[in-house]
Amino acid sequence: MSSSVTSTEFAIFASGCFWGTEHIFVKHFPPAKGVLRTSVGYTGGRTDVENPDYGDVRSGATEHAEAVRLEFDPARVSYADLVEFFYRTHDPTTVDRQGGDVGTQYRSAIFTTTPEQAATAQRVTEEVQAKHFTPKGTTIVTKIDAAGPWWEAETYHQMYLFKNPTGYQCPTHRLHW
């Protein structure tokens, strides 16, 4: 039996500081569990801004989100499972913030790459809302948008918390259930 992957897909999530978002996905979905590669970067911003850098995005002026792009093997992990995990690992009920990080760059968003992903993201969002948030009287504010241009972040941001284990991590980046 061959262990090679014949087809991969991409999932793009924003849930605050991209360091913590990448870190928690990599810890819980190593390649054997389906996430083959990750990169952090910027997406969902103003269309007149090309190739933004960290300073531009951090200022909030470009309206880009800090996000993680996962290349995954759908034979090992479903897109629906990744969406559900995304909701488990941050607070999707706050507009443009995670913990002390405030601004559009820290928003909760799912950037879909296909109509099937959009439908799945909407279905899973409704299921998670009903099961985990409606009973608490809170509402998911996560935006589900079609993915636009992806701008990879600077090299030092990639796998940042693995290279800097004592680096800043947003306190919302943990398993909530």
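# From surface loops to the buried helices

Glu63, with a relative accessible area of 41%, is partly exposed, a class that runs between buried, under 20% relative accessible area, and exposed, over 50% (1.4 Å probe, protein chains only). The structure is a predicted model, in which local features need pLDDT of at least 70 and side-chain atom pairs count only at pLDDT 80 or more, whereas totals for chains, interfaces and linings use all residues. Residues are numbered from 1 along each chain as its sequence is written, and side-chain values use heavy atoms, with hydrogens and water left out.

Glu63 sits in the loop between α2 and β3, where helices (H or I, at least four residues) and strands (E, at least two) are DSSP runs numbered from the N terminus. The phi angle of Glu63 is near 65 degrees, a positive value in a residue other than glycine. Asn51 also has a positive phi without being glycine, near 50 degrees, and this residue belongs to the loop between β2 and α2. Asn51 counts as exposed, because its relative accessibility is 54%.

The loop between β2 and α2 also holds Asp53, which is partly exposed at a relative accessible area of 36%. Once neighbours within four places in sequence are set aside, Asp53 is in contact with Tyr42 and Glu154, contact being defined by heavy atoms within 4.5 Å. From Asp53 to Ile24 the separation is 29 residues in sequence and 23 Å in space, C-alpha to C-alpha.

Helix α3 is largely enclosed by the rest of the structure, because seven of its 10 residues are buried. The residues concerned are Tyr79, Ala80, Leu82, Val83, Phe85, Phe86 and Tyr87, and their packing partners are β1, α1, β2, β3, β6 (108–112) and α4.

How do the axes of α1 and α3 lie in relation to each other, and which residues meet there? The two axes come within 11 Å and cross at roughly 125 degrees, where axes are lines fitted to C-alpha atoms, for helices over the stretch in contact, and angles run from 0 to 180 degrees between N-to-C directions. The pair α1 and α3 is therefore oblique, the class left over when angles under 35 degrees count as roughly parallel, over 145 as roughly antiparallel and 65 to 115 as roughly perpendicular. On the α1 side Ile24, Phe25 and His28 take part, and they meet Leu82, Phe85 and Phe86 in α3.

Helix α3 (residues 79–88) also meets helix α4 (residues 115–133), with axes that come within 9 Å and cross at roughly 45 degrees. The relation between α3 and α4 is therefore oblique. Tyr79, Ala80, Val83, Glu84 and Tyr87 of α3 make this contact with Gln117, Thr120, Ala121, Arg123, Val124, Thr125 and Val128 of α4.

Two residues show this meeting of helices in detail. Thr120, found in helix α4, counts as buried because its relative accessibility is 18%, and, not counting residues up to four places away in sequence, Thr120 touches Tyr79 and Ala80. Tyr79, with neighbours within four places in sequence left aside, is in contact with Ala11, Phe13, Phe72, Ile110, Thr112, Gln117, Thr120 and Ala121.

Tyr79 also belongs to the largest nonpolar core, which has 34 residues and in which Phe13, Phe25, Leu70, Tyr79, Leu82 and Ile110 touch the most other members; such a core is a set of buried Ala, Val, Leu, Ile, Met, Phe, Trp, Tyr and Cys residues joined through side-chain atoms within 4.5 Å. At least two residues of this core are supplied by each of β1 (9–15), α1 (18–28), β2 (35–43), α2 (54–59), β3 (65–72), α3, α4 and α5 (160–163). The largest share, seven residues, comes from α3. A second, separate core has seven residues, among them Ile12, Ala65, Phe111 and Trp150.
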